[in-house]
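Student: I have a structure to look through and have not seen it before. Can we go over it together?
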Amino acid sequence: MGNCLGTTKKSAAEIAPSELMKPAPVIKLYGHPDSFATSHVRLALSYKPVTLQFVPSDAQENPTIMYRNGVVTGSVEEILRYLDAKFPDPPVASAGSVWGWCGEKTPAVVWVVMLQHRSMVWHLERMEKWAEDMEARGGNARGDPSMGSPRMEVKKFAKSYSQLQQVLLEHAQMEEKVVFQILESADRGEIHCFVMVDLEMIYMSVILMVPTYGLGLCKSANEDHARDLPIMNGIKEEIKIIGVMNAGSPDYQEALGRLLSRLKKLKENCKQHFEEEERELLPLMEATDLNKVQHEKVLQQSLDAMRETHSHLFRFFMEGLCPQDGMHYFGLIKRYRDNVRASLMLHMMVEQ
């Protein structure tokens with residue numbers, strides 16, 4: 001599945017004769033089917049080169065796995081470390097590493113935003129490569145047989161882009177309603193409350209500079225969101241036009257070229273925008289001086305603001321994350337106050 005849950009297609013030269021192929025090792029997992037911890041472990045096992053046999057059970061307080069003659073039970077973190085020891089590739093346990101300035105003390109909402117950036121970039125690059133392939137074929141040759149006819153492929157492309165566009169829009173709205181609002185509020189009276197120094201002149205310069213800096217960055221980010229909206233809508237309209245054209249015609253080929261050009265522009269804009277946010281804007285969240293309860297509330301608000309992404313588009317979103325990033329995102333969801341909804345999100349992933 002995409003970046004994390006799918007199986008990679010191999011060429012004929014890479015496929016071993018059936019008699020030489022080894023069956024995937026079998027792991028049995030016992031746990032309550034509605035348990036968040038059980039679903040978390042099931043997701044981790046979906047990344048591993050194993051065959052999972054899930055046995056619903058209320059007998060164990062914690063998820064329990066059986067592999068060969070071994071039995072392991074305990075917390076999710078303990079089980080993930082065990083799985084990584086037995087099946088190192090790909091790793092699923094937290095590596096304890098950092099991204100640039102990010103670390104263990106980084107606010108949860110910052111991780112949410114940055115992980116969403118990674119997923120969206122992956123999907124943008126995938127759509128760009130897909131459009132390049134369609135343009136190269138120009139409707140005159142079949143691509144992946146699973147795509148069907150050129151018109152059927154365009155419909156699949158339209159569906160995938162529509163999903164990506166919804167995630168992009170919700171992400172932008174979440175930033176504007178939650179992250180930027182907090183930073184702007186802090187600029188107007190909270191950030192400088194803990195940077196006071198004895199020298200009045202220095203304190204006054206801080207008071208004057210901090211609001212201008214933070215508010216300016218938020219304004220610039222909002223302008224980027226507004227700039228990209230016509231491009232996104234233009235891509236959607238271009239796909240509609242291609243869908244009713246005769247495959248292989250000169251107009252069809254020209255329209256595919258325009259589509260690819262728009263997608264490249266959107267990808268470039270988004271990558272630049274994300275990089276600027278992560279370099280200049282998101283580090284300011286650590287300077288807001290919010291307490292633990294307030295940071296948790298911000299996390300809830302950020303997840304609440306992306307209803308579609310965290311419901312029927314959740315599997316699509318998770319495709320764009322590598323295993324460790326996917327497990328990290330699930331760890332953030334685990335802190336979600338709506339336990340029923342969080343469990344449904346996990347259940348949606350492991351049952352499909």
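Tutor: Start with a definition: a charge sits over a ring if NZ of Lys or CZ of Arg is within 6 Å of the ring centre and within 35 degrees of the ring normal. In this predicted model, R42 lies over the face of F54, at 4.2 Å from the ring centre.

Student: OK. How many helices and strands does the protein chain have?
Tutor: The protein chain has 10 helices and 4 strands. Along the sequence, the pattern reads β-α-β-β-β-α-α-α-α-α-α-α-α-α.

Student: And what share of the residues is buried?
Tutor: Of the 352 residues in the protein chain, 45% are buried.

Student: Back to rings. How many aromatic pairs are there?
Tutor: The count is 5 aromatic pairs. One of them is Y67 with F87: the ring centres are 5.3 Å apart and the planes are at 65°, so this pair is edge-to-face.

Student: Where do Y67 and F87 lie?
Tutor: Y67 is in strand β3, residues 64–67, and F87 is in the loop between α2 (76–86) and α3 (108–137). The pair therefore ties together parts that are 20 residues apart in sequence.

Student: Are Y67 and F87 buried or exposed?
Tutor: Both Y67 and F87 are buried.

Student: What about W130 and F157?
Tutor: W130 and F157 also form an edge-to-face aromatic pair, with 4.9 Å centre to centre and 70° between the planes. W130 belongs to helix α3 and F157 to helix α4, residues 150–187, so the pair ties together parts that are 27 residues apart in sequence.

Student: Why does W130 count as buried?
Tutor: Buried means under 20% relative accessible area. W130 has 13%, so W130 is buried. F157 has 1%, so F157 is buried too.

Student: Which rings form a cluster?
Tutor: F314, F317, Y329 and F330 are linked into a cluster by ring pairs.

Student: New topic, the backbone. Where is the cis peptide bond?
Tutor: A cis peptide bond joins D89 and P90, with omega at about -5°. P90 is in the loop between α2 and α3.

Student: What is the phi of R68?
Tutor: R68 is not a glycine, yet its phi is positive, at about 55°. R68 is in the loop between β3 and β4 (70–73).

Student: Is R68 buried or exposed?
Tutor: The relative accessibility of R68 is 70%, so R68 counts as exposed.

Student: Last one: what is the accessible surface of the protein chain?
Tutor: The accessible surface is about 18300 Å², and 54% of that belongs to carbon and sulfur atoms.

Conventions. Residues numbered from 1 in each chain as written. Predicted model: local features only at pLDDT ≥ 70, side-chain atom pairs only at ≥ 80, totals over all residues. Heavy atoms only, no water. Phe/Tyr/Trp six-rings, centres within 6.5 Å; stacked < 30°, edge-to-face > 60°. Helix = DSSP H or I, 4+ residues; strand = E, 2+ residues; numbered from the N terminus. Buried < 20%, exposed > 50% of the residue type's maximum accessible area, 1.4 Å probe, protein only. Areas by Shrake-Rupley, 256 points an atom, 1.4 Å probe, with all protein chains shown as cover.
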